[in-house]
Amino acid sequence: MDRRKSENLRVKQSITNTLFSLMAEKSLADIHITELVEGAGVARASFYRNYCSKEDVLITLIRDILEEYRREVLLEEGNFYTYRNVLLSFQYFRKYRDYFLDLYRSGFSAVLLEELNHFHESMEGSMPASSIGKYQLYLYIGALFNTALVWLAEDDKTSPEDIARFFLDSMLRALNR
């Protein structure tokens with residue numbers, strides 16, 4: 001990675017980490033760009049070169065995590081919803097636990113869920129708007145999201161492998177009834 005890209009990545013990480021630190025103290029609405037850039041040790045222009053708003057920092061983080069996940073996921077015979085991919089989902093939730101829980105506790109779970117919906121819609125491909133099958137997709141996303149949030153929030157010691165196996169078995173039973 002060249003020096004410019006490396007420096008821009010450092011700037012973005014610093015802004016993101018500072019925003020989450022500030023969100024632990026007060027609401028996003030009460031955080032000012034000035035205190036964010038000062039806390040991050042970056043220029044105001046650096047903030048606006050990368051983001052349009054404070055909310056954009058959060059959305060960019062979620063999208064970056066989902067893009068990282070997309071690079072690792074495998075489509076096996078056109079099937080996205082395999083044990084390996086469910087396991088990978090729970091591993092990512094655990095890896096980014098603090099970010100996900102901070103977003104949840106700060107009232108941004110709807111934004112996170114919306115981004116998960118968009119991500120899974122893009123993985124699924126085109127689906128007729130009238131298709132009843134689309135609800136199966138949203139059932140999966142909602143169940144995955146809620147299961148992961150409770151698992152993380154309770155600091156449950158169940159392994160990602162066991163929670164993925166339980167989740168997939170439960171989903172298959174629910175869909176086959």
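## The second largest pocket

Helix H9 gives the largest share of the lining of the second largest pocket, namely 5 residues. The model you are looking at is a predicted one, so please read what follows as a description of that prediction. This pocket has a volume of about 210 Å³. Its lining is made of 12 residues, and those nearest its centre are Tyr81, Gln136, Tyr140, Met171 and Leu175. Two elements give two or more residues each to this lining: helix H8 (134–153) and H9.

What classes of residue make up the lining of the second largest pocket? The lining divides into 9 nonpolar, 2 polar and 1 charged residues.

## H9 and its partner H5

H9, residues 160–176, also meets another helix, H5, which covers residues 83–95. The axes of H5 and H9 come within 9 Å and cross at roughly 130 degrees, which makes H5 oblique to H9. The crossing of H5 with H9 is right-handed.

Here is where to look for the contact. On H5, the residues are Tyr83, Val86, Leu87, Phe90, Gln91 and Arg94. On H9, they are Pro160, Glu161, Ile163, Ala164, Arg165, Phe167 and Leu168. Sorted by class, the contact of H5 with H9 holds 9 nonpolar, 1 polar and 3 charged residues.

## The largest pocket

Now for the largest pocket, which has a volume of about 350 Å³. It is lined by 16 residues, and Leu9, Gln13, Leu61, Asp64 and Ile65 are the ones nearest its centre.

Which element supplies the largest share of this lining? That is H4, with 8 residues. H4 spans residues 54–72, and both H1 and H4 supply at least two residues of the lining. In terms of class, the lining of the largest pocket has 7 nonpolar, 4 polar and 5 charged residues.

## H1 and its partner H6

H1 covers residues 3–23 and H6 covers residues 97–105. Their axes come within 11 Å and cross at roughly 45 degrees, so H1 and H6 are oblique to each other. The crossing of these two helices is left-handed.

To find the contact, pick out Thr16, Asn17, Phe20 and Met23 on H1, then Tyr99, Asp102 and Leu103 on H6. By class, this contact has 4 nonpolar, 2 polar and 1 charged residues.

Methods: Residues are numbered from 1 along each chain as its sequence is written. This is a predicted model: local features need pLDDT of at least 70, side-chain atom pairs count only at pLDDT 80 or more; totals for chains, interfaces and linings use all residues. Side-chain values use heavy atoms; hydrogens and water are left out. Axes are lines fitted to C-alpha atoms, for helices over the stretch in contact, and angles run from 0 to 180 degrees between N-to-C directions. Helices (H or I, at least four residues) and strands (E, at least two) are DSSP runs, numbered from the N terminus. Angles under 35 degrees count as roughly parallel, over 145 as roughly antiparallel, 65 to 115 as roughly perpendicular and the rest as oblique. A crossing is left-handed if the near helix is turned anticlockwise from the far one by less than a right angle, and right-handed if clockwise. Contact means heavy atoms within 4.5 Å. Ala, Val, Leu, Ile, Met, Phe, Trp, Tyr, Cys and Pro count as nonpolar, Asp, Glu, Lys and Arg as charged, and the others, Gly among them, as polar. On a 1 Å grid over the protein atoms alone, a cavity is a set of points where a 1.4 Å probe fits but cannot get out, and a pocket is an open set with protein on both sides within 12 Å along at least five of seven lines; lining residues have an atom within 4 Å of a point. Grid points are joined across faces, edges and corners, and a volume is the space filled by probe spheres set on the points.
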